[in-house]
Amino acid sequence: MALPPHETESADGPHIPGRPGQEVPQLEEPTTPREPLPPKQDQSGPEVYSPTGAPADADPEVRAQSGAYLTTAQGLRLPDTDHSLKAGERGPVLLQDHHLREKITHFDHERIPERVVHARGAAAHGVFRGYGTASAVTKAAFLGKDIETPVFVRFSTVLGSRGSADTVRDTRGFATKFSTTQGTFDLVGNNIPVFFIQDAVKFPDIIHAGKPHPDREIPQAQSAHDTFWDFVSLHTEATHHTLWNMSDRGIPRSYRMMEGFGIHTFRLVNEQGGTTLVKFHWKPRAGVHSLMWEEAQIAGGVDPDFHRRDLADAIEAGAYPEWELGIQTFPDTPEQTFEGIDLLDPTKIVPEEWAPVQPVGLMTLTANPSNYFAETEQVAFHPGHLVPGIDITDDPLLAGRLFSYLDTQISRLGGPNFAQLPINRTHAPVNDMLRDGMHQTALHTGVAPYHPNSLDGGCPFQAGAGAGGYVEVPLAMNPQAAKVRAAPASFDDHTSQPRRFWLSLTPIEREHVIAAYTFELSKCYENTIKERNLRVLADIDPELCSQVAAGLGLPAPEPSAPLAQVDPSPALSQLGASWPVDGRVLGIIADENSDLAALARLRGTALENGMVPLVVAPHGGELAGGGAAPVVVQRTFANARSVEFDALLVSGVPAEGDDAYGARDVKAGQGLSSEGTDPRVLLLLSEAYRHSKALGAWGGGGDVLSAAGCPEGLPGIVVDDDPGTVLARVTDLLATHRVWDRFPTAAFHS
Ligand code: HDE
């Protein structure tokens, strides 16, 4: 997919970000009213329907800040919003100033409670297109061939507050709202296929343990503290999820590069009433990639918005993120197991080698939200928002969620009418009898909001399955079942699946896991908590346990039982394949002495390849000289940090005698500066090298790489006279995400 240029390039005008050909708003304060700005190109988002079925777009009056003149909430035009009404210029402010009171009062109430979990999120609009491949197992209309359904996806971290950093080690939420013609379907999943607990009644426990300590409220958005490790070592059903958190899955490179999982087993129903058990998977077209731990920590400081910026920038640049939705299918037997795995246990996966993920549709995210609060903050997901053809199972974790999500919105969004908020409005006609309540905005008509009635002619009527009604699968209940607080014996195995995950990882991925456990447990104050966690690790793998124990300076315990005999599942590893480079960020370090014509050609090729090339220079504005057209600068040595780039190139100076060399006062081979290379550039390059990123250079740029400690000849260092050759080889390296063979052990780049 080719990206449009990142900025408007012109030799003689200012370079203001925006799409080519798009009118750019003036930056000075306007002195005369203007018409509302036209909607941005390709930013219209899906059509939003009001509960009465009328497009919300039809009534521009309801859209705030769209007219020429400032008004009060009552529509009164205001002559001045900069001064309070006073008795004389230096006199007291008058209580009768309604505008002052309205403005301040509204401001006082601008905040709503943040989500108790998943408070920090970023979202995007898009479209889902069904392949029609699921029609044998489900009658869900939106999965039909070439049916297009608007979607809104919110990604999130779990533990942190709304203002916390994006790149913390945590599970990520992946919640998708499908606005289907049959009603809204919400797939409220995570980027990890298992959960910490098997029963919803434990949710407050795991979340209280993971949240900051209740006395000092530290640490923020971290699991590296005593209460978390205390709980997970005592409640060993959390072991599987915790191991995934400690793997690279806990620090994704981008929301665009994460898998998503529905976790619970769902029950699909086809036209004939036949049922199939399934697990939902989202597979990113860009592959599954992660940050290095050091990168995640640096980004937490230099760019706490790293993931939300990455998502928004990619969409803005036209590198639309894509995921295939897939299902693993299992026969709906009375046992609800598959190859011995209890499908009602949300701490277990079914290896993809045993039940392949079958693609059923493609999701493309195409537009950023235009109002964070109205869309990303007010969106309300619910795992019980289902459509005909998709039903639930008796997973005890799912049962609790079906209660929780409705309950939480009532306090978070201030009452029971949150479904009427624009972002939550279904695209199907609504004909409910849910009257009144806080923030009711629908104008229900009719005199008989009850059923049955005769006064409204019996309307609205109930719809059986034949009329598109949602009818639950009439599953037989076990009449022998006793009322108990207990879990089945199959829920007791807490070690075999974590062991399978561990065995499925490559050596580098395992080293990352060891480093993560060592870091997190080293942050605990209580030695007993560290020791108890080592006992949990001993039952997963002795090597894992002994390495972490060595890092903590503690003895490694023996396993409490013989280790589980399991085969690895290669699909669980993130490494070993190649992926498209769309949306990958390429930094090109250059200065006034660089061959600007070559630089411009290289940027063009990178854009054609779908990458986002950013020129990094000693100063902002543009680079000019040597007779070539000026090149716009996107980052400076002062504001660039290596985490932002997937690969870095150093632009050399033209060779002496070369036409482009001109009358420069540079010494060949000294690269970016005749006084020596800027230390910030050396830091950029050495960090990128340590994080196993591809590096390239042409001309004298190779000397700059050497000065940074990464000379030609080392793995993943490409130096050539021809910039095009350098780019081509670096692009190949980028396809595998990192240069994994750069270091003999991962310890250097974890
Ligand atoms: Fe959630 N979860 N959860 N959860 N969850 C919420 O709902 C809850 C669970 C997930 O971007 C809350 O609207 C309970 C599993 C995501 O708006 C709350 C249990 C999975 C999001 C809630 C779970 C998730 C939430 C907080 C155990 C993966 C963010 C705000 C029974 C399958 C959605 C809200 C968004 C949000 C409760 C377990 C995913 C409190 C009680 C398992 C992605 O209702």
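An automatic or database domain assignment divides the protein into domain 1, domain 2 and domain 3, with the bounds tabulated here.

| Domain | Residues |
|---|---|
| domain 1 | 121-424 |
| domain 2 | 493-572 |
| domain 3 | 585-749 |

The model is predicted: local features need pLDDT of at least 70, side-chain atom pairs count only at pLDDT 80 or more, and totals for chains, interfaces and linings use all residues. Residues are numbered from 1 along each chain as its sequence is written.

Between domain 1 and domain 2 the C-alpha centres are 26 Å apart. Their contact (C-beta atoms, placed from the backbone, within 7 Å) involves 23 residues of domain 1 and 27 residues of domain 2. On the domain 1 side, helix 3 (226-234) and helix 4 (239-246) each supply at least two residues. Helix 4 gives the most to that side, with 5 residues. Sorted by class, the domain 1 side has 8 nonpolar, 7 polar and 8 charged residues. Here Ala, Val, Leu, Ile, Met, Phe, Trp, Tyr, Cys and Pro count as nonpolar, Asp, Glu, Lys and Arg as charged, and the others, Gly among them, as polar.

The protein has 16 helices and 20 strands, taken as DSSP runs (H or I, at least four residues, for helices; E, at least two, for strands) and numbered from the N terminus. Of its 750 residues, 42% are buried, that is, 20 or more other C-beta atoms, placed from the backbone, lie within 10 Å of their own. Among contacts between residues at least 6 apart in sequence, 72% join residues at least 24 apart.

An unreviewed UniProt entry lists "domain: Catalase core" at residues 71-459; such annotations may be inferred rather than shown by experiment. Over residues 71-459 the chain is 21% helix and 20% strand, with the end C-alpha atoms 41 Å apart.

Conventions: A residue is buried if 20 or more other C-beta atoms lie within 10 Å of its own, exposed if 12 or fewer, and partly exposed in between; C-beta atoms are placed from the backbone. Two residues are in contact if their C-beta atoms, placed from the backbone, lie within 7 Å.
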